[in-house]
Amino acid sequence: MDSSRSMIRAGLLSPPDRAALVALMGNGSAAHGLTRRANAMLLLDDGLSREEVAKALYLDDDTVRGWAKLSGEGGLKGLPSGAYLYDPDEHALRLIAGADLRRVTGCQDFVDEVRVDQVFVADHARMKLVPAHLRGSYASVAAGAVSQNVYLFCASSGLATVLRAWIDRDAIADALGLNHDQQVLLS
Ligand SMILES: Cc1cc2nc3c(=O)[nH]c(=O)nc-3n(C[C@H](O)[C@H](O)[C@H](O)COP(=O)(O)O)c2cc1C
């Protein structure tokens, strides 16, 4: 067999062309991110090491390690559908409604299909130390900081995310059983 037929000469790309192509790999839609993640999981399952997968797919080692860890723990597949309250003391998610509420939270059609739909709620009853006239702005700044962390996590994991202000706050409050002190800020 003539092995040269199946090989393309290495080193054909100029450094700027290589850099542009590597940057292109990191961009794109949620579907593109998920495809890259699926590629990584299949190569790991084929027996390649995390380092080999990272090299083959132009990912960093931490990204591949994170995906492998999530997959080993059952990832999001392990979480039954429903609405969860994040409990910071326990660093745990507490199931508060068994129903799929994604449709309730969004005015845009893509929301019905998202893998995770987060709702940021300010609890004014827990801000007693903050002067009343500042509670709204403190809550908004906090939601902005939290969503920035979500964006950073998603960017580092090859996932897409969209912060949304176009939401039905009354419907969300109703579905989650919120009281008058609990204000829906963003999704
Ligand atoms: C406060 C805030 C509210 C937003 N509300 C919405 C929204 O309701 N619907 C929407 O499609 N995009 C909304 N966006 C824009 C998306 O979040 C934006 O498209 C997203 O950050 C992705 O950025 P990219 O388009 O540059 O990737 C909002 C952005 C901010 C900062």
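This is a predicted model: local features need pLDDT of at least 70, side-chain atom pairs count only at pLDDT 80 or more; totals for chains, interfaces and linings use all residues.
**Exercise 1.** Does helix α1 lie in the open or is it buried, and what is its span?

*Solution.* Begin with the length: α1 covers residues 15–26, which is 12 residues. From first C-alpha to last it reaches 17 Å, close to the 16 Å expected at 1.5 Å a residue. Next, look at burial: of those 12 residues the number buried is 0, so α1 lies largely in the open. For the chain as a whole, buried residues make up 8% of the 187 residues.

**Exercise 2.** What span should helix α6 have at 1.5 Å a residue?

*Solution.* Helix α6 runs over residues 135–157, a stretch of 23 residues. The expected span takes 1.5 Å times one less than the number of residues, which gives 33 Å for α6. Its end C-alpha atoms are 33 Å apart, in agreement with that value. Now step just past the helix: Gly-158 takes a positive phi of about 70° there.

**Exercise 3.** Which residues are around the ligand, and how do they divide into nonpolar, polar and charged?

*Solution.* First list the residues: Gln-108, Val-162, Leu-163, Arg-164, Ala-165 and Trp-166. Then sort them by type: the shell holds 4 nonpolar, 1 polar and 1 charged.

Methods. Residues are numbered from 1 along each chain as its sequence is written. A residue is buried if 20 or more other C-beta atoms lie within 10 Å of its own, exposed if 12 or fewer, and partly exposed in between; C-beta atoms are placed from the backbone. Helices (H or I, at least four residues) and strands (E, at least two) are DSSP runs, numbered from the N terminus. A residue is near a molecule or strand if its C-beta atom, placed from the backbone, lies within 6 Å of it. Ala, Val, Leu, Ile, Met, Phe, Trp, Tyr, Cys and Pro count as nonpolar, Asp, Glu, Lys and Arg as charged, and the others, Gly among them, as polar.
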